[in-house]
Amino acid sequence: MKTFVPQAVPLADAGHRYSPYACRHAVLATMHGKEEAIAPVLRDRLGLIVSSAPDIDTDALGTFTGEIPRAGTIREAAIAKARLGMKATGLPIGLASEGSYGPHPQIPFVPGGVELMVLVDDMRGIVVSEHLIEDAPVFGHGYVVAGDDVTPILDRLGFPAHALIVKPAESEGGAGNIHKGLRDRTALELAVMSAKAQSDDGRALIQTDMRAHMNPTRMATLGRLASALAERLSALCPACRTPGYGQVDVEIGLPCEWCGTPSLMVRHRVFGCVACPHRENRPRGDGLTKADPGHCPLCNP
Ligand SMILES: [Zn+2]
Ligand SMILES: [Zn+2]
C-alpha cells in the first residue's frame, strides 16, 4: 500500500472547521437508493463527495427479506459491502450501512432496530463506524385469512408511504411467491389473494419492506446516522491526528453514593483512536459521578 499523508483542507461552508475528507471521493455500496439520505450529509459536513455504485449486488451478501441469510456480525457485513464498492470502482474510500430490525433490545414487545454505518479508508488504513438504535421504526408484520379486512394492518405498517411485502404464511419449499415493494392497494390485495391460495394454512403474511428506498422512516434514520458518522470522522485523535476519534467502550463501576462500592452502572465513557492505542476516560454524558444506592451490590444486594 502506498503511503499517503493526509492534508487538511478548509471547508468553504464550515467556518473554521477542517475536514480530513474535504474534496475526497468515496463510493457508497447500495442498491437501495441510500445515497439520497447519506450523500448530502457527508458533502455538507465533511466535503466528502459520495457516489453510489448501484451495479453491485449487495443482496448477495444477505438480504432483509430472508432469502439469503447474512453471515458474520453486522459490522463485518457492512465492511464487506463497502469493500465490494471499492473493488468495483477502484476508489480507496468506501461506505456502507447495515441494519437489523426485530424486537427492541431494551424494551419488551416493542420493535427496534440497529443501524450501523462504516467508512473504510485504505489511504489511512482505518475503518470508522458509527451505530444507532432506532426506537420507533416502521417495522412489523401481520397475518390475514379469508374474509379479513387488511386495512388495520396496512395502517399499522405505514402503508402506502412505506412499501410492504406479501407472501404465503406457510408454503412447501420455503420462500414461495414473494411480492415485494408493494405501494398500490389493488396490487397489494391481488398479492394477498394469491399468497393465501398458495399458503398451506390459507394465510397470507404482510410485512414491511425494510429496504431503504421502500421505508422512508429508515431512510431518515440513515440520514441521522450519516450525521453521527460525519461528527466522528471530523474528530481527530489527540495523539496521532487520525480521523474517527470517539467513544469505543464504557467502563462500569460508578461508585455507590453511600459506601463507595463499585456498582454495575457506567463509570466512564472510554474514547479511543482507530489507528493508535490512545485511550482516554471521559465523564458520563449525564454528569453523574455517584450511583444511587439502589444499584449498589452491598447497600441493595
Ligand atoms: Zn453502597
Ligand atoms: Zn491515534
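Arg-203 sits over the face of Tyr-143, at 4.1 Å from the ring centre. A charge is taken to sit over a ring if NZ of Lys or CZ of Arg is within 6 Å of the ring centre and within 35 degrees of the ring normal. Arg-282 lies over the face of Phe-271, also at 4.1 Å from the ring centre. The model is predicted: local features need pLDDT of at least 70, side-chain atom pairs count only at pLDDT 80 or more, and totals for chains, interfaces and linings use all residues. Residues are numbered from 1 along each chain as its sequence is written, chains are lettered from A and ligands numbered from 1 in the order in which they are written, and side-chain values use heavy atoms, with hydrogens and water left out.

Arg-203 also has a C-alpha 9.9 Å from that of Ser-171, across 32 residues of sequence. Ser-171 belongs to the loop between β9 and β10 (179-182). Helices (H or I, at least four residues) and strands (E, at least two) are DSSP runs, numbered from the N terminus. Ser-171 is buried, at 18% relative accessibility. Buried means under 20% relative accessible area, exposed over 50%, and partly exposed in between (1.4 Å probe, protein chains only).

Aromatic rings were considered next. Rings of Phe, Tyr and Trp (its six-membered ring) pair if their centres lie within 6.5 Å; planes under 30 degrees apart count as stacked, over 60 as edge-to-face and the rest as tilted. The count by this rule is two aromatic pairs. Tyr-101 and Phe-139 form a tilted pair, because their ring planes stand at 40°, with the centres 5.9 Å apart. Tyr-101 is in strand β5 (residues 93-103), whereas Phe-139 is in the loop between β7 (126-134) and β8 (141-144), so the pair ties together parts that are 38 residues apart in sequence. Tyr-101 is buried, with a relative accessible area of 14%. Phe-139 is partly exposed, at 28%.

Tyr-245 and Phe-271 are likewise tilted, because their planes meet at 50°; the ring centres are 6.2 Å apart. This pair links distant parts of the chain, 26 residues apart. Tyr-245 lies in the loop between α5 (216-233) and β12 (246-252), and Phe-271 in strand β13 (residues 266-272). Tyr-245 is buried, at 6% relative accessible area. Phe-271 is buried too, at 11%. The ring of Phe-271 is the one that lies under Arg-282.

Two zinc sites were examined. Donors are N, O and S atoms within 2.8 Å of the metal (3.2 Å for Na, K and Ca); water is not among the atoms, so sites may look incomplete. The zinc ion (ligand 2) is coordinated at 2.3 Å by the SG atoms of Cys-237, Cys-240, Cys-273 and Cys-276. The angles among these four donor atoms run from 104 to 115°, and the site is tetrahedral. Four donors count as tetrahedral if all angles lie between 85 and 135 degrees; four count as square planar and six as octahedral if opposite donors are over 155 degrees apart and all others between 65 and 115; anything else is irregular. Along the chain, the donors of ligand 2 follow the spacing C-x2-C-x32-C-x2-C. Cys-273 is buried, at 6% relative accessibility. Cys-276 is buried as well, at 19%.

The zinc ion (ligand 1) has its protein donors 2.2 to 2.4 Å away: Cys-256 (SG), Cys-259 (SG), Cys-296 (SG) and Cys-299 (SG). This site is also tetrahedral, with angles of 103 to 112° among its four donor atoms. The donor spacing for ligand 1 is C-x2-C-x36-C-x2-C. Cys-256 is buried, with a relative accessible area of 2%. Cys-259, by contrast, is partly exposed, at 38%.

The peptide bond from Phe-159 to Pro-160 is cis, with omega near 5°. Pro-160 is in the loop between α3 (151-156) and β9 (164-168). Cys-23 is not a glycine, yet has a positive phi of about 65°. Cys-23 occurs in the loop between β2 (18-19) and β3 (25-28). Its relative accessible area is 57%, so Cys-23 counts as exposed. Arg-241, again not a glycine, has a positive phi of about 65°. Arg-241 falls in the loop between α5 and β12. Arg-241 is exposed, with a relative accessible area of 55%.
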